[in-house]
Amino acid sequence: MSTVTIHSPQPVRPGHGLTVADAMDPCDYQIGDDSTVDQADDVLRGAHLDYLLVRDHDGRCEGLVTRTGLHPFLNRSWYAGRTAISATTHQRGPFAWPTMGLALAAIAMRIKRLAVWPVVDEDGYILGVLMADRVTSLLAGKAV
């Protein structure tokens with residue numbers, strides 16, 4: 001005689017099985033790490049952005065710079081025109097990858113206190129960005 005165990009269906013948790021690829025947004029604006037603080041500020045202001053992704057000389061993601069992060073350099077105009085983005089304090093890796101679980105990404109973003117997190121491929125090239133508010137909404141099961 002064999003015993004059959006019947007499992008009752010488990011309720012699907014909101015956000016279960018989602019990955020970073022399901023939540024990432026494209027990022028149209030990037031800047032080279034050899035660009036100056038003035039140039040970054042011009043792009044941020046001109047495009048009405050809060051952040052820019054920074055890429056290195058090979059085109060790989062180097063980090064993310066914000067208006068707030070540039071503020072100390074912009075107070076001294078002579079300094080802003082000569083300082084490269086690579087010399088500033090800005091968000092650097094590690095970055096999210098598209099196959100990473102969205103729940104894990106949410107935890108990492110919460111621990112690191114990130115509102116925006118670059119998403120890169122296995123070679124470090126920029127694929128997009130992950131926005132904390134979108135992640136929270138998707139994990140809560142709300143339509144975005």
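Author: The axes of H5 (residues 102–112) and H6 (residues 132–139) cross at roughly 135 degrees and come within 10 Å. Axes here are lines fitted to C-alpha atoms, for helices over the stretch in contact, and angles between N-to-C directions run from 0 to 180 degrees. Helices (H or I, at least four residues) and strands (E, at least two) are DSSP runs, numbered from the N terminus. The crossing of H5 and H6 is left-handed, a term used if the near helix is turned anticlockwise from the far one by less than a right angle, with clockwise giving right-handed.

This is a predicted model, in which local features need pLDDT of at least 70 and side-chain atom pairs count only at pLDDT 80 or more, whereas totals for chains, interfaces and linings use all residues. Residues are numbered from 1 along each chain as its sequence is written, and side-chain values use heavy atoms, with hydrogens and water left out.

From H5, the residues Leu102, Ala103, Ala106 and Met109 meet Ala132, Val135, Leu138 and Leu139 of H6; contact means heavy atoms within 4.5 Å. By class, this contact of H5 with H6 holds 8 nonpolar residues, no polar and no charged ones. Nonpolar covers Ala, Val, Leu, Ile, Met, Phe, Trp, Tyr, Cys and Pro, charged covers Asp, Glu, Lys and Arg, and the others, Gly among them, are polar.

Strands E4 (residues 116–120) and E5 (residues 126–131) pair in the antiparallel sense over 5 bridges, pairing being assigned if DSSP finds at least two bridges between two strands. Val119 stands opposite Gly128 in E5. The hairpin of E4 and E5 has 5 residues between the strands, and Gly124 there takes a positive phi near 90 degrees.

A further helix pair is H2 (residues 37–46) and H3 (residues 67–74), whose axes come within 10 Å and cross at roughly 135 degrees. H2 is therefore oblique to H3, and their crossing is left-handed. H2 contributes Val37, Asp38, Ala40, Asp41, Leu44 and Arg45 to the contact, and H3 contributes Arg67, Leu70, Phe73 and Leu74. The residues of this contact of H2 with H3 comprise 6 nonpolar, no polar and 4 charged.

Strands E1, E2 and E3 form an open sheet in the order E1-E2-E3, with mixed pairing. Strand E2 (residues 51–55) pairs with E3 in the antiparallel sense over 5 bridges, and Arg55 stands opposite Cys61 in E3. H2 packs on the sheet, touching E1, E2 and E3, and its direction makes about 135 degrees with that of E2.

As to confidence, the protein chain has a mean pLDDT (the predictor's confidence in each residue, from 0 to 100) of 84, and 83% of its residues reach 70 or more.

Definitions and conventions:
Angles under 35 degrees count as roughly parallel, over 145 as roughly antiparallel, 65 to 115 as roughly perpendicular and the rest as oblique.
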